[in-house]
Amino acid sequence: MDLTFTPEEQEFREEVRSFFRENLPQDIADAVKAGGELTKEHMERYHAILAKKGWLAVTWPEEYGGPGWTPVQRHIFDEESCRFYAPRIVPFGLSMLGPVLQKFGTQEQKDYYLPRILSGEDWWCQGYSEPGAGSDLASLKTRAVRDGDEWVINGQKTWTTLGQHADKIFCLCRTDPDVQQQKGISFILVDLDTPGIEMRPIKLIEGGHEVNEVFFTDVRVPYENLVGEENQGWTIAKYLLTHERTGIAGVGFSMLALEEVKALARKVMRNGKPLLEDPLFAARVAQVEVDLEAMKITNLRMLFKAVKQGAPGPETSILKIKGTVIGQELRDLARRALGPSAAPFPGHITDGNLALAPANNANNAARYFNNRKTSIFGGSNEIQRNILSKAVLEL
Amino acid sequence: MDFDLTEDRQMLSDSLNRYLADKYPVETRNKVAYEAPFHSPEKWGELAELGALFALAPEDAGGFGGSGFDVSVVFEALGRVICPEPVLGALMASRLMTKAGADQEALLSGATKYAVAIGELEAPYDLGSIKTEASGSGDSVTLSGRKSAVYGGQVADVFLVAAVAGGRLGVYEVQAADAQVEGYGMIDGAGACELLLDGTKATCLIEDGAAALQDAVNAGIVALCSEAVGAMDVLHAMTVDYLKQRKQFGRAIGSFQALQHRAVDMLTEIEQSRSIVIKAASELNGEDATKFCSMAKNLIGRAGRLVAEEAIQMHGGIAMTWEYPGSHYAKRIIMIDAQLGDTDYHLSRVAAA
């Protein structure tokens, strides 16, 4: 048992820190800190900074232009990027499609798409969920029919995150309706400029525009846009889900959120005293702090196990369940700490009426509502429990 | 970073687990745990021979361990069979004697049984509220006061007692023969005593002992939390087995999602418990030990209650019987919360830190 990092890993942490100190633009860090929506320009500028350093495709092996980091190094990078209020790397091309192409793509697909992901030339989005296929993803209905050397796609995708910025989408489509659900799905790449595609924004609970729905009407794409073999899509989808699980616990974000809650509760006055001195509020903070402290170790234990075994196991679902609940609890405390000052709609707050809340906290209620998504997306926490029940408890 | 046990500790863990599984099956355990003297002198001797006590003290104090992970390995093994032997008293006494530089040969060999008497009726957890008084000096020190629920006290040869003299919290040694010891068995097995001191002869072990007592409490917390993890692990496995075997409505009740998800929530909290114990154990001999021990005891208190209550609920009626082994695990896990500070006590300490 040894919870310390090696000297090399410590050195790496220092390198990451000085990189962020010197290269992360203040306006981007401020935007992240404020907790509002980042613009496409923010994200592209940040990606370009990482790309220049060779640190953008953190999960890619060196041969494809990744930094070749160990899982521990990736963990350190994640932690430090949270600490410096760096944005989260947009995952769709880099940590989702990239690894899929590296494992299942043809040489032509790798040669064409991978450099374009790295350079930011292509912005990908994900076409998985459908109105009738959420937790039960394998029941998806979007149909792709082969017609000569083309696919003809009809159907609807939804919850397409940041699709408004994207120029390409990778889709799971039904290519054989007559076999067992999981065996009739294919993974197809689609250019969003193709005629017949319509993207509509979905306004979220707090008013933000993060996700979209995408409609496909007789959309024709080349047959070679198929990744892997025909009807192998479910295997690819599962690979993608198990492949990228570092950071799933959101420990770095929660550590920061805890500090923010404490800082806020030291400033906010209640009954003539700082809120943090209120025993009930302090107890709520302390309890989530304890859970987070344990989560840090749980996260490292699973990371250690993944390194030893070569891949993360199904028990990483624990990270998703507990990690999201901790994050949501912290967002709840941050909202509650402001009391009625959290209520004004973020867009209605001006310098003139800012007296109500410290500037960084104007979004606390919006962030609380937005954060409810974390226990729903990426396999809802109930689906994670199903996975654990089946794969770990063997029930 | 390494989450595997060292080879030495793995060997200690294996040999303790093997011995306890073999010699302390639950029928034996229940017989020992619920009948006076609420421990087995024979098994106590065998445990000591296996090195279970030597592992608790550092080398310069005559042991071969003494780190948080040594404590954790020993107590997790004890927890797996909910062992009623008074090892906790030996651990806490050893911590105090190490700080005092006292000879521990008789303690570590198991020849002399020690109990550490800190809690009082009106101060079960808080060192700052202790009222037992020490007076006199040199050869004529006496103690007066009442120590309550002293675990292992029913069979202790020697008590190390926390008492106040001139506003200073010290540690005093009292021979069991010199004091009034009222022993009893506990609802969850094993025994304890009320220690009634009235001008009772004592010798001073540590005059200024607040820090040493806090260290003993911290080590005791790592021990209890590890014991809880061992016991929770076993109780959870029993529950999952039961869910697979028990049939109602023509199928195994473990096929019902409502129960599956609850069994998973138990697993999640047990893994979190294991994590916080690793953290507390790693910090036990460091500066922030008290904070991390409070965190561990708080989390274990919450997780323990969830695991014990859910295990009983999902077993149904059978877990309400004395006969079912799981019942005794549930009792022990719940009652650990009442030792060395409960969930709320430690939560308020985390909040104040």
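Before the details, a word on conventions: residues are numbered from 1 along each chain as its sequence is written, and chains are lettered from A and ligands numbered from 1 in the order in which they are written. Since this is a predicted model, local features need pLDDT of at least 70 and side-chain atom pairs count only at pLDDT 80 or more, whereas totals for chains, interfaces and linings use all residues.

Let me begin with chain A, whose secondary structure comes to twelve helices and ten strands, where helices (H or I, at least four residues) and strands (E, at least two) are DSSP runs numbered from the N terminus. Its C-alpha atoms fill a box of roughly 75 × 50 × 50 Å along the principal axes.

The domain assignment divides chain A into domain 1 (7-89), domain 2 (123-236) and domain 3 (245-391), with bounds that come from an automatic or database domain assignment. Between the centres of domain 2 and domain 3 of chain A, taken over C-alpha atoms, there are 32 Å. Their contact takes five residues from domain 2 of chain A and five residues from domain 3 of chain A, two residues being in contact if their C-beta atoms, placed from the backbone, lie within 7 Å. On the domain 2 side of chain A, the residues that touch domain 3 divide into two nonpolar, two polar and one charged, with Ala, Val, Leu, Ile, Met, Phe, Trp, Tyr, Cys and Pro counted as nonpolar, Asp, Glu, Lys and Arg as charged, and the others, Gly among them, as polar.

How do helix 8 and helix 9 of chain A cross? The axes of helix 8 (residues 251-267) and helix 9 (residues 279-309) of chain A come within 10 Å and cross at roughly 160 degrees, the axes being lines fitted to C-alpha atoms, for helices over the stretch in contact, with angles that run from 0 to 180 degrees between N-to-C directions. That angle makes helix 8 of chain A roughly antiparallel to helix 9 of chain A, given that angles under 35 degrees count as roughly parallel, over 145 as roughly antiparallel, 65 to 115 as roughly perpendicular and the rest as oblique. Residues in this contact include A:Met255 and A:Leu258 of helix 8 of chain A, and A:Leu292 and A:Met295 of helix 9 of chain A. By class, the contact of these two helices of chain A has nine nonpolar, two polar and three charged residues.

One backbone detail in chain A deserves a look: phi of A:Asp218 is near 45 degrees, a positive value in a residue other than glycine, and A:Asp218 is found in strand 7 (residues 209-222) of chain A.

Turning to chain B, we find eleven helices and ten strands, and a C-alpha trace that spans about 75 × 45 × 40 Å along its principal axes. Its radius of gyration is 20 Å, in agreement with the value near 20 Å for a compact globule of 353 residues.

Chain B is divided into domain 1 (7-108), domain 2 (114-208) and domain 3 (212-352), and 29 Å separate the centres of domain 2 and domain 3 of chain B, taken over C-alpha atoms. That contact takes 13 residues from domain 2 of chain B and twelve residues from domain 3 of chain B, and the domain 2 side has eleven nonpolar, one polar and one charged residues.

In chain B, helix 7 and helix 9 pack at an angle of about 25 degrees with their axes 9 Å apart, which makes helix 7 of chain B roughly parallel to helix 9 of chain B. By class, their contact has 16 nonpolar, seven polar and one charged residues.

The peptide bond from B:Ala36 to B:Pro37 is cis, with omega near 10 degrees, and B:Pro37 lies in the loop between helix 2 (26-34) and helix 3 (41-49) of chain B.

Methods. The radius of gyration is taken over C-alpha atoms; the globule rule is 2.2 Å times the number of residues to the power 0.38.
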